[in-house]
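Here's a quick briefing for anyone meeting this structure for the first time. Have a look at the sequence and the model, then read on for helix contacts and aromatic rings.

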Amino acid sequence: MAELLERTEPQDKIWNKSFTSIFIANMLMFMGQQMMNTLVAKYANTLGAAPVMIGVVTSSFAYTALIFKIFSAPAIDTFNKKYILVGAMIVMAMSYAGYSISTTIPVLMVSRLLQGAGQAFSATCCLALATDALPQSKLGMGISIFSLAQVICQSIGPSIGLFLARSIGYHYTFVIGSCTMLVAAIFAFNIKNNYIKTGKKYQIRLSNIIAKEAILPATLMFLLCMAYYNITTYLVIYADAVNAGEHIGLFFTVYALTLLVTRPMIGKLGDKYGLVKVFIPAFFAFAMAFMLISVANSTWMFLLAAFISAFGYGACQPAVQTLCMKRVPKEKRGAGSSTNYIGQDLGNLVGPVIAGSVVQALGYSAMWRVMILPVVVAFIIVLVFRKQIQAA
């Protein structure tokens, strides 16, 4: 049977027209996400939620993200990715509008679940579109550059969100986030990609959702996100508790500005020397950042942790995504991208709930140290499977 193909005619250079269009749409999407994600936990806290419930609310989007992965991966490998992405962005805009009218935890959670439904398609689709647009010989560096869209938004999104919430309130800030996502949808609609329909049927099968070649990198992504998402969930609240919350938005700015320098460099090193030599020092830096956060009691200590973390998780994330996309054949990039984000969603789901339980039992400082354990496990996995990783 003839297969449906969608391609963007990748050129020898990274910044071709297709890649540039996807980069801009992805950057706007992440701007909305970074503004909103930083505020959800803080807003839930103002509504009176306990630490465990804050973790449940902030991670609840992962439930629907995982459920809708059943439908998203086969759709991305079957239909026009561009239109799928536009629809997903509109759904996320609706969820942010829902935040603006939320006055109770249940309503906030429903809106968060709706966001997860959109994210099941959006991030997976963006990564697959970007991979199609890149030359194979520069895939590692290209994906690192593509991830800079997220970095740029991390540098300004949380600070903008926190500033707006203090200035005009949560309601109007959430509305602005919704409008940002609608603008992203407009740019996504203008992505130029060639789509050839040849008769392949849409089928929901396990092989269309999970690529076995991508299970190893997805496991690494699960462990890393299990630790990292607690920064998004609890850092602002923790900084307030130690009287360092006034300028905590700068944490994300320093983290992201450092990534602007390190990510292209790390992507190039990964292409030249192999991913194992990227992972090992990055895991060490990630663990050190969490240890520093656990004892931080002033702004400069948080900012130093942000700088170190940029060499940790900031290096790991694009390296894992590169490993994932290198291990799967081109016709299964939708399933490969889906597998990667299933690992991410599971980590986002499990991490904050476990961390919230540790906070209630032992306090915030102990929680940051406990969440180093997933990083240690990821380090051990890389050592055990280093030959398979190097061969990718």
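**Where α1 meets α2**

In α1, the residues V40, A41, A44 and N45 touch I54, V57 and T58 of α2. Keep in mind that this is a predicted model.

- Sorted by type, the residues of this α1–α2 contact come out as 5 nonpolar, 2 polar and no charged.
- Helix α1 covers residues 17–46 and helix α2 covers residues 51–59; their axes come within 9 Å and cross at roughly 140°.
- Because of that angle, α1 counts as oblique to α2.
- The crossing of α1 past α2 is right-handed.

**Where α5 meets α14**

- Helix α5 (residues 105–133) packs against helix α14 (residues 333–362) at an angle of about 135°, and their axes are 9 Å apart.
- That angle is why α5 is oblique to α14.
- Here too you'll find a right-handed crossing, with α5 passing α14.
- On the α5 side, the contact uses A123, T124, L127, A128, T131 and D132, while α14 brings in R333, G334, S337, S338, N340 and Y341.
- By type, the residues of the α5–α14 contact split into 4 nonpolar, 6 polar and 2 charged.

**Aromatic rings**

- The count of aromatic pairs comes to 24.
- One aromatic cluster is made up of Y228, Y234, Y238, Y255, F286, F290, F302, Y313, Y364 and W368.
- Over at F189, K82 lies over the face of the ring, at 5.5 Å from the ring centre.

Note on methods: Residues are numbered from 1 along each chain as its sequence is written. This is a predicted model: local features need pLDDT of at least 70, side-chain atom pairs count only at pLDDT 80 or more; totals for chains, interfaces and linings use all residues. Side-chain values use heavy atoms; hydrogens and water are left out. Rings of Phe, Tyr and Trp (its six-membered ring) pair if their centres lie within 6.5 Å; planes under 30 degrees apart count as stacked, over 60 as edge-to-face and the rest as tilted. A charge sits over a ring if NZ of Lys or CZ of Arg is within 6 Å of the ring centre and within 35 degrees of the ring normal. Axes are lines fitted to C-alpha atoms, for helices over the stretch in contact, and angles run from 0 to 180 degrees between N-to-C directions. Helices (H or I, at least four residues) and strands (E, at least two) are DSSP runs, numbered from the N terminus. Angles under 35 degrees count as roughly parallel, over 145 as roughly antiparallel, 65 to 115 as roughly perpendicular and the rest as oblique. A crossing is left-handed if the near helix is turned anticlockwise from the far one by less than a right angle, and right-handed if clockwise. Contact means heavy atoms within 4.5 Å. Ala, Val, Leu, Ile, Met, Phe, Trp, Tyr, Cys and Pro count as nonpolar, Asp, Glu, Lys and Arg as charged, and the others, Gly among them, as polar.
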